[in-house]
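Morning, everyone. I have one model to walk through today. Please bring it up on your screens.

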Amino acid sequence: MRGDQQDETSGPKVAVQPDPSAAVSPAGVAGGALLAVAVILVALNLRPAVTSVAPLLGDMRDELGTSATWAGLLTTMPGLCFAAAGLTAPRLSSRFGLGRVISGALAVLTAGLLIRTLDGPHVVIGATLLACAGIALINVLIPVVIKGSFPTRVGLMTGIYTAALQGGGALGSAVTPGLEEPLGGWRMALAAWAAIAFLALLAWLPASRRHRGSWAASTEATGPRRSLLRNRLAWTVTLFFGCQAFLAYIVMGWLPQIFIDNGIGKVQAGILVGLVSLIGVPVALVISPLAARSANQSGWIVGLGVLGFGGAIGLLVAPAAAPWVWSVLIGVGMSAFSLALTVIALRARNAEDTAQLSGMAQGFGYLFAGLGPFLFGLLHDVSDGWTVPFAMFLVVYVVQVAAGAAAGRNRYV
């Protein structure tokens, strides 16, 4: 069946279901609960590596003696790294196994978070690349775990996963500035997040061993791998994912500076950016399950987009007039991320297709998203103001809503 045709079934089919006996036995229930907890802990670590940097960027530059170009590279790099590593995730999981690749990615993330605090600007850049490579692999593969292990609760588990991910992002931007003084500087404040990543690794190892059968067979290559590069729906999903990530990385990278430039203190600016991520927690928990049970997700995507667009307009016109209101609206709009992950799972028939679509959408999507902070900063420098970069922001927002409305229709790649 072509990717742009409607399937007559009520939903996507999963190639390999969890063991029925495990699903009803106490051991099976315990294993599923252990895996769910591990997924939550893993998700908490997928944003602090990025969001913890922005509030401390000024102090980092002062101590390291770096330029604005270095700062722009540091904020642009995560998206580009997510793209490069994300495109390799399906192939790595097929060769080495899904559980092992995620375990290795968590170890790489932990190491990167520690190493980047040990030396000068080049080490910060290199170790941040290392940490983001680990995050990128996990970004792509956790939706496959959810598809294979929780096939009847894709919306609920995607919502929980996304809520934890966004909660971790909120903690990264809101808590890190407060850690700087008691821990003796920005280095230890950033290094503290390595402990959380190591805790997630300890939780993931036993959980993935007990639940491996739920996804192992569905991600093994049984013949020529299917390419989605000629699939129109796959590119629509990729455009939707890329646009929302493009906007999200601008918000994470530049929103604190926008608030600070308009007279808001550094700590309050960090809290406001944390609020943007935190708002996504209840929205993901409520909206993702509801959207997954709907005939299509287009209405939900458009609704969130309209609210976020309104917040961006307010931030452009009068940023200091109602910063809490603008942050809430932008946070609701950025919650489209949870629907982007839900759409990836719902537009695929099985775990193998989910891995292919997730790798494509996140690989190419983050490649586009990585340009966001750089272009936003470049336009700010050229125009000496925030109006021109915000004009770009709003245009991409319109494209996101249009692509999301198309991606939300009940079709399969």
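**Aromatic pairs first**

A search of the whole structure turns up 12 aromatic pairs. Here, rings of Phe, Tyr and Trp (its six-membered ring) pair if their centres lie within 6.5 Å; planes under 30 degrees apart are stacked, over 60 edge-to-face, and the rest tilted. Take Trp254 and Trp386. Their ring centres are 6.0 Å apart and their planes sit at 65°, so this pair is edge-to-face. Trp254 lies in helix 10, while Trp386 lies in the loop between helix 16 (371–383) and helix 17, so the pair ties together parts 132 residues apart in sequence. Helices are DSSP runs (H or I, at least four residues), numbered from the N terminus.

The cut-offs: buried is under 20% relative accessible area, exposed over 50%, partly exposed in between, with a 1.4 Å probe and protein chains only.

Ring pairs also build a cluster: Trp254, Phe309, Phe376, Trp386, Phe390, Phe393 and Tyr397.

Before going on, the ground rules. This is a predicted model, where local features need pLDDT of at least 70, side-chain atom pairs count only at pLDDT 80 or more, and totals for chains, interfaces and linings use all residues. Residues are numbered from 1 along each chain as its sequence is written, and side-chain values use heavy atoms, leaving out hydrogens and water.

Now the core. The largest nonpolar core has 108 residues, and Trp204 and Phe393 have the most contacts inside it. Such a core is a set of buried Ala, Val, Leu, Ile, Met, Phe, Trp, Tyr and Cys residues joined through side-chain atoms within 4.5 Å. Its largest share, 18 residues, comes from helix 10 (residues 232–261). Apart from it lies another core of 14 residues, among them Leu57, Trp70, Leu74 and Ile125.

Back to Phe393. Leaving out residues up to four places away in sequence, Phe393 touches Leu247, Ile250, Val251, Ala312 and Phe376. Contact means heavy atoms within 4.5 Å.

In helix 14 (residues 336–346), 11 of 11 residues are buried. In helix 7 (residues 121–149), 29 residues long, 22 are buried.

Last, confidence. The chain averages a pLDDT of 82, and 87% of residues score at least 70. pLDDT is the predictor's confidence in each residue, from 0 to 100. Over residues 1–27 it stays under 50.

Notes. Helix = DSSP H or I, 4+ residues; strand = E, 2+ residues; numbered from the N terminus. Expected span 1.5 Å × (residues − 1).
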